[in-house]
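Let's take a friendly walk through a protein chain together. Have a look at the model below, and then we will go from one residue out to the whole chain.

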Amino acid sequence: MGKGCINVTKYFLFLFNLLFFVFGALIMAFGLWVLMDNQSFIAVLQESSNTLKVAAYILIAVGSLSMAMGFFGCIGAIYEIRCLLGLYFTCLLLILIAQVTAGVLIYFQRDLLKQEMSNIVKGMLINYTGQNRTTEHTWDYVQRTMKCCGWTGPGNWSENVSIRNSSQNLYPCSCRNETLPGVEVRESGLCESLTTELPVYQKGCISSVEGWLLDNCGVILGICVGVAVVELLGMILSICLCRNVVQEDYTKVPKY
């Protein structure tokens, strides 16, 4: 390979590593969002599910590693350091294998994850008190913004401990359908209905929540596919540059 081709390969590899660094930062940022978010449905799952917490930590670790590999790949490409290029190729291969394995596991475990999500929400509805808890306020926010009530329907709230043990006709305030007649309009907690017909939404939140998760999964999938493409290109360019660095080093050895 000529000197001009080597330079082109070197700078293309630098560019791909820069993109790899940016994608790694996005993955790490998403992991931090899952871990720290308290305003979306993720917060309901995150407090009750160890699986989601572990997944968030894995995303942060993968993102951090991707950023580190992007940095070392840039250094190895610019200065043509053979050991860094070889290490970079090996780590990219391992990361790609891990990503494919994780994707396959998530795909085949999707029914189990859906069931776990359903159990988490129903358990939260049973123990809901309306106090200052992150998960409860998050669920109130979900019901208000998505205009739904309960998981599969408002009937899920009949299993709530506070509602079942009360002599009053209580319902969750965040389920309040403002188009129906009633007196109280509060954002959280339990409200009392003066009639036997509760002024609540009749649609369950399961379809809206699943749609929201699918929309966000599309964004995640797009980022992961982008990272995988950059990884493959980086692997090809790094191995080509590594081989030609060795060839050029041999040509520089004095001949007697």
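Begin at Phe-12, which sits in helix 1, residues 3-36. Helices here are DSSP runs of H or I with at least four residues, strands are runs of E with at least two, and both are numbered from the N terminus. Before going on, note that this is a predicted model, where local features need pLDDT of at least 70, side-chain atom pairs count only at pLDDT 80 or more, and totals for chains, interfaces and linings use all residues. Residues are numbered from 1 along each chain as its sequence is written, and side-chain values use heavy atoms, leaving out hydrogens and water.

Now move to Glu-80, in the loop that links helix 3 (50-79) and helix 4 (82-108). Glu-80 is also partly exposed, because its relative accessible area is 22%. Although 162 residues separate Glu-80 from Cys-242 in sequence, their C-alpha atoms are 7.6 Å apart in space.

Finally, step back to the whole chain. Eight helices and two strands make it up, in the order α-α-α-α-α-α-α-β-β-α from the N terminus. The chain has 256 residues, of which 38% count as buried. Among contacts (heavy atoms within 4.5 Å) with a separation of 6 or more, 70% join residues 24 or more positions apart.

Note on methods:
Buried < 20%, exposed > 50% of the residue type's maximum accessible area, 1.4 Å probe, protein only.
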